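Here is a short tour of the model, meant to be read alongside the sequence and the 3D view. Take a moment to get your bearings first.

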Amino acid sequence: MPRHFLKSAQPLALDEKATLKWYAIKLGPGKFGIFDTFANEAGRNTHLTREIAKALTARASELFAVPPQVQKLRSLQTHP
């Protein structure tokens, strides 16, 4: 069921202008993750309130044994 959900979410992520990359990954038996990158902080915050987030919230009890964790990581900026 989670695999189907993630496949159905991919087109939604691709439609988001500020979502640069969106990866759904299988971490182990019955364990999945999403890794995505954004053009800026505003794009990330928008993504976290759009259709994928709404669908995850609506189906949380069906898809998760424990509530999902969202971890915001900042990119490392390198300067020449």
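## Overall fold

The chain's secondary structure amounts to four helices and two strands, arranged along the sequence as α-β-β-α-α-α. Helices (H or I, at least four residues) and strands (E, at least two) are DSSP runs, numbered from the N terminus. Please keep in mind that this is a predicted model, in which local features need pLDDT of at least 70 and side-chain atom pairs count only at pLDDT 80 or more, while totals for chains, interfaces and linings use all residues. Residues are numbered from 1 along each chain as its sequence is written, and side-chain values use heavy atoms, with hydrogens and water left out.

The C-alpha trace spans about 45 × 25 × 20 Å along its principal axes. Of the contacts (heavy atoms within 4.5 Å) between residues at least 6 apart in sequence, 43% join residues at least 24 apart.

## Surface and charge

The chain exposes about 6500 Å², and carbon and sulfur atoms supply 57% of that area. Accessible areas come from the Shrake-Rupley method with a 1.4 Å probe; for residues, only the protein chains shown count as cover. Of the 80 residues in the chain, 22% are buried. Here buried means under 20% relative accessible area, exposed over 50%, and partly exposed in between.

As for charge, there are 12 positive and 6 negative side chains, and the centres of the two sets lie 6 Å apart. Lys and Arg count as positive and Asp and Glu as negative, with His and the chain ends not counted; each charge is placed at NZ of Lys, CZ of Arg, CG of Asp or CD of Glu.

## Strand β1

Strand β1 covers residues 19-28 and gives the largest share, three residues, of a nonpolar surface patch. Y23, I25, L27 and F35 make up this patch of about 390 Å². Y23 is found in strand β1 and is partly exposed, at 41% relative accessible area.

A24 also belongs to strand β1, and its relative accessible area of 41% makes it partly exposed. Beyond residues up to four places away in sequence, A24 touches L6 and G33.

## H47 in helix α2

Is H47 buried or exposed? H47 counts as buried because its relative accessibility is 6%. H47 sits in helix α2, which covers residues 41-47. Leaving aside neighbours within four places in sequence, H47 contacts E16, T19, W22, D36, F38, I52 and A53.

Note on methods
Patch = residues over 30% accessible without salt bridge, like charges linked within 9 Å, V, L, I, M, F, W, Y side chains within 5 Å. Salt bridge = Lys/Arg side-chain N within 4 Å of Asp/Glu carboxyl O. Buried < 20%, exposed > 50% of the residue type's maximum accessible area, 1.4 Å probe, protein only.
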